[in-house]
Amino acid sequence: MVTFPSFFFLLLSAFAIFFSTSDAMPFEKQQIVNTALAAIAHPSIDNLNFSNEQKLLNEVRALLEKEKYNVLTADLLQPDAVQIKGKIESWLANPNINTIFIFGGTTVEEGNIAHKTLLPLIKEEFSSFQSLYTQVNWDNAGALLLDQNVHAGLNGKTFIFLLPNSRKEAQTAIEKIILPQIRNLLAQVNTRQNSEENTNNETTKQ
């Protein structure tokens with residue numbers, strides 16, 4: 001028979017285990033992902049209604065929100081270099097945004113406008129992203145992937161992903177490459193930033 005003191009002790013033990021488990025949550029699991037999405041219209045007359053781009057943004061938003069990401073904004077952009085660059089630079093200046101996805105403007109047919117306009121904004125590029133993208137999407141598009149200039153990298157503490165406006169290929173890359181790693185990457189960036197700040201503070205004290 002369990003006496004009241006014994007029951008009370010067991011209850012306290014259960015609470016202690018619960019809170020110690022919560023506190024031990026890996027640092028990367030605690031990372032808050034605040035995302036901005038943009039889809040660039042294909043530069044053709046029959047695409048002025050943004051129908052494919054809007055569907056893509058809706059599907060990606062649902063996918064990210066299912067994983068508890070905060071989608072702060074999702075914008076449709078004309079294939080205009082000035083507008084595209086201005087929008088992305090405004091997001092990079094926003095401290096609340098740490099992940100940016102841009103869809104479209106990555107092929108020769110589209111004039112590679114995202115590739116040409118936004119690649120200079122990626123200060124630290126992940127050189128393996130293109131090959132990983134090709135690997136996970138080979139069954140979807142095969143040799144057509146040759147024409148896709150996809151990129152991923154960092155600008156300060158903000159991640160930038162340039163992906164095609166193909167809904168199947170973009171979502172496959174997000175599900176198989178980005179989602180499994182983005183919180184871990186954010187944790188690494190924040191750790192590096194904190195380390196650099198501590199080093200700078202120590203240098204200033206000296």
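## Close-up views of a predicted model

**View 1. Strands β1 and β3 lie side by side in the sheet.** Strand β1 (residues 34–40) pairs with strand β3 (residues 99–103) in the parallel sense, over five bridges, where two strands pair if DSSP finds at least two bridges between them. T35 stands opposite T99 in β3. Helices (H or I, at least four residues) and strands (E, at least two) are DSSP runs, numbered from the N terminus. This is a predicted model, in which local features need pLDDT of at least 70 and side-chain atom pairs count only at pLDDT 80 or more, while totals for chains, interfaces and linings use all residues. Residues are numbered from 1 along each chain as its sequence is written, and side-chain values use heavy atoms, with hydrogens and water left out.

**View 2. The six-stranded open sheet has mixed pairing.** The strands follow the order β2-β1-β3-β6-β5-β4. Because β2 (70–77) and β4 (124–125) stand at the edges with a single partner strand each, one side of each is left without a neighbour in the sheet. Along the sequence, the protein follows the pattern α-β-α-β-α-β-α-β-α-β-β-α-α, with seven helices and six strands.

View 3. Axes here are lines fitted to C-alpha atoms, for helices over the stretch in contact, and angles run from 0 to 180 degrees between N-to-C directions; contact means heavy atoms within 4.5 Å.

**View 4. I178 belongs to the largest nonpolar core.** A nonpolar core is a set of buried Ala, Val, Leu, Ile, Met, Phe, Trp, Tyr and Cys residues joined through side-chain atoms within 4.5 Å, and buried means under 20% relative accessible area, exposed over 50%, and partly exposed in between (1.4 Å probe, protein chains only). Of the 29 residues in this core, L64, F101, F103, L163, I174 and I178 touch the most other members. At least two residues each are supplied by β1, α2, β3, α5 (129–141), β5, β6, α6 (167–178) and α7 (182–205). Not counting residues up to four places away in sequence, I178 touches F101, F129, F161, L163 and A173. A second, separate core has 18 residues, including I40, L77, L92 and I113.

**View 5. N98 is a buried residue in the loop between α3 and β3.** N98 counts as buried because its relative accessibility is 14%. Its side chain reaches the backbone oxygen of I32 at 2.8 Å and the backbone nitrogen of N34 at 2.9 Å, each a polar contact (a pair of N or O atoms within 3.5 Å; within protein, one must be able to donate a hydrogen and the other to accept it, and residues adjacent in sequence count only if both atoms are side-chain atoms). Leaving aside neighbours within four places in sequence, N98 is in contact with I32, V33, N34, K157, T158, F159 and L186.

**View 6. N190 lies in helix α7.** N190 is buried, with a relative accessible area of 19%, and, apart from neighbours within four places in sequence, is in contact with Q31 and K157.
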